[in-house]
Amino acid sequence: MAYLKDQDLEILKECEDEELRGLVECLIYDKDGERRYTEELSKSKEFHLYGDKYSMYWKRIAEELQKFGGDTIVNAFRLGSGIKYLEILRDVAKELKVDYKTIDRAEEIENKILLKSFQKIWKDFSKEKKVEFVKEFNIKSEEILGKDIEEIAKEYLLLNKDESYKITALIVNNTVFSVLGRGINVGNIFKFNSFNSFTNNSILGLYWLNFIKEISSSARRVTVPAIFYIALIRK
């Protein structure tokens, strides 16, 4: 198969090598650090030619994701071909029980998935962790602890570009850790050095952790963390 031209994946061509590293590792390696039986990226001529210069073959990386997406949807007529990112995203949303509209754009569905994820993570935060969160995100009043967290999260995800990246990094790290057993490298973006505290597996919402672990197919164990990586890249 070949890369299907996809406007929702064109953002990958703007990425630096390091920004693509996590996505590539997600596509190639399983939670035990072993190469996936079904992956083809590491066997490709592009991988052997360019190695960790991932930006040189972003289309081949996108193609690999499209292929895994095709494997998640049973269709005898697909014959192993890939599908576009929006269809992958809709499949992941259904798997994670996230409501969306058929008219929603890719970014809108990503944000709905991120919001659902954050709600589950927040649910099992202790009061102390919630207070840390308030400080980290410069929220003026601790009265937030009694407010609708969905509205707060929406504001940060949609309206504040800097804070949106930080909260997305928090969500992505927790989710990727749950599926792959390893987190992401987001650099020094948290003022209070609390990123490790927030993403420590012991304080991750237990409901969300168990829910993610029960993802039904091996292909979705690739596409689920992959769409979280791409959502972070898009921020």
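**Helix packing and a pocket**

Modeller: In this predicted model, the axes of helix α1 (residues 17-28) and α11 cross at roughly 175° and come within 9 Å.

Colleague: Is α1 roughly parallel or roughly antiparallel to α11?

Modeller: The axes of α1 and α11 cross at roughly 175°. Angles over 145 degrees count as roughly antiparallel. Therefore α1 is, relative to α11, roughly antiparallel.

Colleague: By class, how many residues in the contact of α1 with α11 are nonpolar?

Modeller: On the α1 side the contact has Glu19, Gly22, Leu23, Cys26 and Leu27. They meet Val222, Pro225, Ala226, Tyr229, Ile230 and Ile233 in α11. By class, the contact of α1 with α11 has 1 charged and 1 polar residue, and the nonpolar count is 9.

Colleague: How is α4 oriented relative to α11: roughly parallel or roughly perpendicular?

Modeller: The axes of α4 and α11 are 10 Å apart, and the packing angle is about 115°. Angles of 65 to 115 degrees count as roughly perpendicular. So α4 is, relative to α11, roughly perpendicular.

Colleague: How many charged residues are in the contact of α4 with α11?

Modeller: Tyr85, Ile88, Leu89, Asp91, Val92 and Glu95 in α4 meet residues of α11. Those α11 residues are Arg220, Thr223, Val224, Ile227, Ile230 and Arg234. By class, the contact of α4 with α11 has 7 nonpolar residues and 1 polar one, and the charged count is 4.

Colleague: Is α4 roughly parallel or roughly perpendicular to α5?

Modeller: Helix α4 (residues 85-95) packs with helix α5 (residues 106-123) at an angle of about 25°, and their axes are 10 Å apart. Angles under 35 degrees count as roughly parallel. So α4 is, relative to α5, roughly parallel.

Colleague: Which residues of α5 make the contact with α4?

Modeller: α4 passes α5 in a left-handed crossing. From α4, the contact has Tyr85, Leu86, Leu89, Arg90, Val92 and Ala93. From α5, the residues are Ala106, Ile109, Glu110 and Ile113.

Colleague: Which residues lining the second largest pocket are the closest to its centre?

Modeller: The second largest pocket has a volume of about 310 Å³. It is lined by 16 residues, and the closest to its centre are Asp30, Arg36, Tyr37, Ser218 and Arg221.

Colleague: How many residues of that lining are charged?

Modeller: α3 (58-72), α8 (161-180) and α11 (220-234) each supply at least two residues of the lining of the second largest pocket. By class, that lining has 6 nonpolar and 2 polar residues, and the charged count is 8.

Terms used
Residues are numbered from 1 along each chain as its sequence is written. This is a predicted model: local features need pLDDT of at least 70, side-chain atom pairs count only at pLDDT 80 or more; totals for chains, interfaces and linings use all residues. Side-chain values use heavy atoms; hydrogens and water are left out. On a 1 Å grid over the protein atoms alone, a cavity is a set of points where a 1.4 Å probe fits but cannot get out, and a pocket is an open set with protein on both sides within 12 Å along at least five of seven lines; lining residues have an atom within 4 Å of a point. Grid points are joined across faces, edges and corners, and a volume is the space filled by probe spheres set on the points. Helices (H or I, at least four residues) and strands (E, at least two) are DSSP runs, numbered from the N terminus. Ala, Val, Leu, Ile, Met, Phe, Trp, Tyr, Cys and Pro count as nonpolar, Asp, Glu, Lys and Arg as charged, and the others, Gly among them, as polar. Axes are lines fitted to C-alpha atoms, for helices over the stretch in contact, and angles run from 0 to 180 degrees between N-to-C directions. A crossing is left-handed if the near helix is turned anticlockwise from the far one by less than a right angle, and right-handed if clockwise. Contact means heavy atoms within 4.5 Å.
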